[in-house]
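Let's take a walk through a protein model together. Have a look at the sequence and the 3D view, and then we'll go through a few spots one at a time.

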Amino acid sequence: MGEDGSVTSAPQRPDGPTPTPRLIATDLDGTLLRDDKSVSHRTVAALAAAEEAGIEVFFVTGRPARWMDVVSDHVHGHGLAICANGAAVVDLHAGREFVQVRALPRATALTVVETLRAAAPGTSFAVEMTTGINYEPLYPPFFQDPGAHVATAEKLLNEEADDTSAPVLKLLAHHPELAPDEFLALARSAAGAYASITRSSPTALLEISGPGVSKASTLELCCAERGISPAEVVAFGDMPNDVEMLRWAGTSYAMGNAHPDVISAASGRTVANNEDGVAVVIERILAERAAHQH
């Protein structure tokens, strides 16, 4: 996103040698993907080389499962990805099937809607569910979704609110005038007691998950299932929704185009997404590993 100017020099590594990780966790937009949403040939090769070396790769993104086609061809091994900022684990080998869902309770979502309407008048909402997205009439349709229902958030969240209704993955809140970080700080102050609130967009668009749900907490669960410790994880990110994950991982890199909060959270820094900053670090890790083996 280039929020504080891009870094184009060589990556700044964390102090000491980079340990050979057992798992690489990487964000997608602004991190692994170039700005045109492509995965470069260099990055494809680096991901494949990591998997071949026995290092698992997890894509950890704010994207919903239905937007994962961009990387589906580059998932090896387990095929799992963490989507919707930790609200879902999906199997990209099995047609984006949901393996785990950490839902936002509808009653909680309604409380957040009510709180943010009072704290930031003019806020409009969208509701991301396992079945797709629905939004309010004033919510900017960033991506037209032909299957979307348009109604007030209260109606969308109350509709079929029984045990058979689709789980809510996250609530999206957009403000037409506030600055993105100002809106985030205001929302966390007003409604942070009810839910996890973050952002990854360059606009004033917040992403709201269930209490304790984040990229970090779901990655931690996935790693625990595999007996992988934080020290054995290398993570990459660029926006506030990556901060907890970068703090949790033993080694972490902020992209050259990262938000200032991400730079503060990470233990190292690499070049920008458009310069294949993730691949640069993976190549170095594998080169150091090869050197130790000889």
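This is a predicted model: local features need pLDDT of at least 70, side-chain atom pairs count only at pLDDT 80 or more; totals for chains, interfaces and linings use all residues.

Strand β9 covers residues 196–199, runs antiparallel to β10 and is joined to it by four bridges. Strand β10 also pairs with β8 (residues 168–174), again in the antiparallel sense and over four bridges. Here's one bridge from each pairing:

| Residue | Bridge partner in β10 |
|---|---|
| His 174 | Leu 205 |
| Ile 197 | Ile 208 |

Now for the inside of the protein. The largest nonpolar core has 33 residues, and Phe 59, Met 68, Val 71, Phe 236 and Ile 282 have the most contacts inside it. Several elements give two or more residues to this core, including α1 (28–32), α2 (41–52), β2 (56–60) and β11 (233–237). The largest share comes from α10, with six residues. Another core lies apart from this one; it has 26 residues, and Ile 208 is one of them, along with Val 112, Leu 116 and Leu 171.

Back to Val 71 for a moment. If you skip its neighbours within four places in sequence, Val 71 is in contact with Leu 28, Leu 32, Leu 33, Val 39 and Phe 59.

Next, find Ser 252 in strand β12 (residues 251–254). Is Ser 252 buried or exposed? Its relative accessibility is 1%, so Ser 252 counts as buried, since the cut-off for buried is under 20%. Leaving aside neighbours within four places in sequence, Ser 252 is in contact with Ala 235, Leu 246, Ala 265, Ala 266, Ser 267 and Gly 268.

Phe 142 sits in the loop between β7 (132–135) and α5 (153–158). Its relative accessible area is 40%, so Phe 142 is partly exposed.

Note on methods: Residues are numbered from 1 along each chain as its sequence is written. Side-chain values use heavy atoms; hydrogens and water are left out. Two strands pair if DSSP finds at least two bridges between them. Buried means under 20% relative accessible area, exposed over 50%, partly exposed in between (1.4 Å probe, protein chains only). A nonpolar core is a set of buried Ala, Val, Leu, Ile, Met, Phe, Trp, Tyr and Cys residues joined through side-chain atoms within 4.5 Å. Contact means heavy atoms within 4.5 Å.
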